[in-house]
Amino acid sequence: MEKLFSISNSEVTSIVISAIAVYVAVIIYTRVFGKRSFSKMSSFDFAMTVAIGSLIASTILTSSISISEGVLGLLVVYILQLTAAYFRRFEFFAKTIDNTPLLLMDGSNILHKNLAKARVTEGDLRAKLREANVLELSQVRAVIFETTGDIAVLHTDKESQEVESWLLKDVMK
């Protein structure tokens, strides 16, 4: 139990040096590879962010992984992220690694089958509608379960206003 709360001077030094080195590497890589490295534009981007976090933690806190190994691992993940972002321009690759947005509400009509497919409850849906300041279901034009896991609510006070078809182009109905 005592070991849980003790740390030697050499361990402190190792953690501080590792943290500084990894921090600098992440700043450099992010500047070189762009902000997309930490975006949540797709589920793949989110997975890459988690992988980067895991590599950072492992490099800083695990003595069996050298700073060089950790920095190299980070570089490889950043390169994979850049490569995937490039290839997502091609429809086949994008469909392979990205989820498809899913329509949860079409106007004021709740699509229960799609809620079940997305594993979203009516309570989750109501919370998102409240978060979007929807006061009446008649204000809703569409609710979309995005590829990132976010829920987008498109609504208006004007009853006659429809959602432009371009906004729903990729959405599974």
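This is a predicted model: local features need pLDDT of at least 70, side-chain atom pairs count only at pLDDT 80 or more; totals for chains, interfaces and linings use all residues.
Biologist: How many helices and strands are there in the secondary structure of the protein?

Modeller: The protein has 6 helices and 4 strands. Residues are numbered from 1 along each chain as its sequence is written, and side-chain values use heavy atoms, with hydrogens and water left out.

Biologist: Ok, and in what order do the elements run from the N terminus?

Modeller: They go α-α-α-α-β-β-α-α-β-β. The radius of gyration is 22 Å, well over the 16 Å that the globule rule gives for 173 residues, so the protein is more spread out than a compact globule. That radius is taken over C-alpha atoms, and the rule is 2.2 Å times the number of residues to the power 0.38.

Biologist: What does the C-alpha trace span along its principal axes?

Modeller: About 70 × 45 × 25 Å.

Biologist: And what share of the residues is buried?

Modeller: Buried residues account for 29% of the 173. Buried means under 20% relative accessible area, exposed means over 50%, and partly exposed is in between, with a 1.4 Å probe and protein chains only.

Biologist: How about charges: how many positive and negative side chains?

Modeller: There are 18 positive and 18 negative ones, and the centres of the two sets lie 4 Å apart. Lys and Arg count as positive, Asp and Glu as negative, and His and the chain ends are not counted. Each charge is placed at NZ of Lys, CZ of Arg, CG of Asp or CD of Glu.

Biologist: Switching to the sheet. What is the strand order?

Modeller: β2-β1-β3-β4, an open sheet with antiparallel pairing. The edge strands are β2 (109-110) and β4 (151-155), each with a single partner strand, so one side of each has no neighbour in the sheet. Two strands pair if DSSP finds at least two bridges between them.

Biologist: How many bridges join β3 to β4?

Modeller: 5, and the two strands run antiparallel. β1 and β3 pair over 4 bridges, also in the antiparallel sense. Strand β1 (residues 102-106) pairs with β2 over 2 bridges, antiparallel again.

Biologist: Which residues does Met105 bridge to in β2 and in β3?

Modeller: Its partner in β2 is Ile110, and in β3 the partner is Val143. Val143 in turn stands opposite Val153 in β4.

Biologist: Is β3 enclosed or open?

Modeller: Largely enclosed by the rest of the structure, because 5 of its 6 residues are buried. β3 and β4 also form a hairpin with 5 residues between them, and Gly149 in the turn has a positive phi of about 95 degrees.

Biologist: What about Gln139, buried or exposed?

Modeller: Gln139 is buried, at 11% relative accessibility. Gln139 lies in the loop between α6 and β3. Leaving out residues up to four places away in sequence, Gln139 touches Asn133, Val134, Leu154, His155, Thr156 and Asp157. Contact here means heavy atoms within 4.5 Å.

Biologist: And where is Ser108 found?

Modeller: In the loop between β1 and β2. Ser108 is partly exposed at 42%, and apart from neighbours within four places in sequence it contacts Leu137, Ser138 and Val140.
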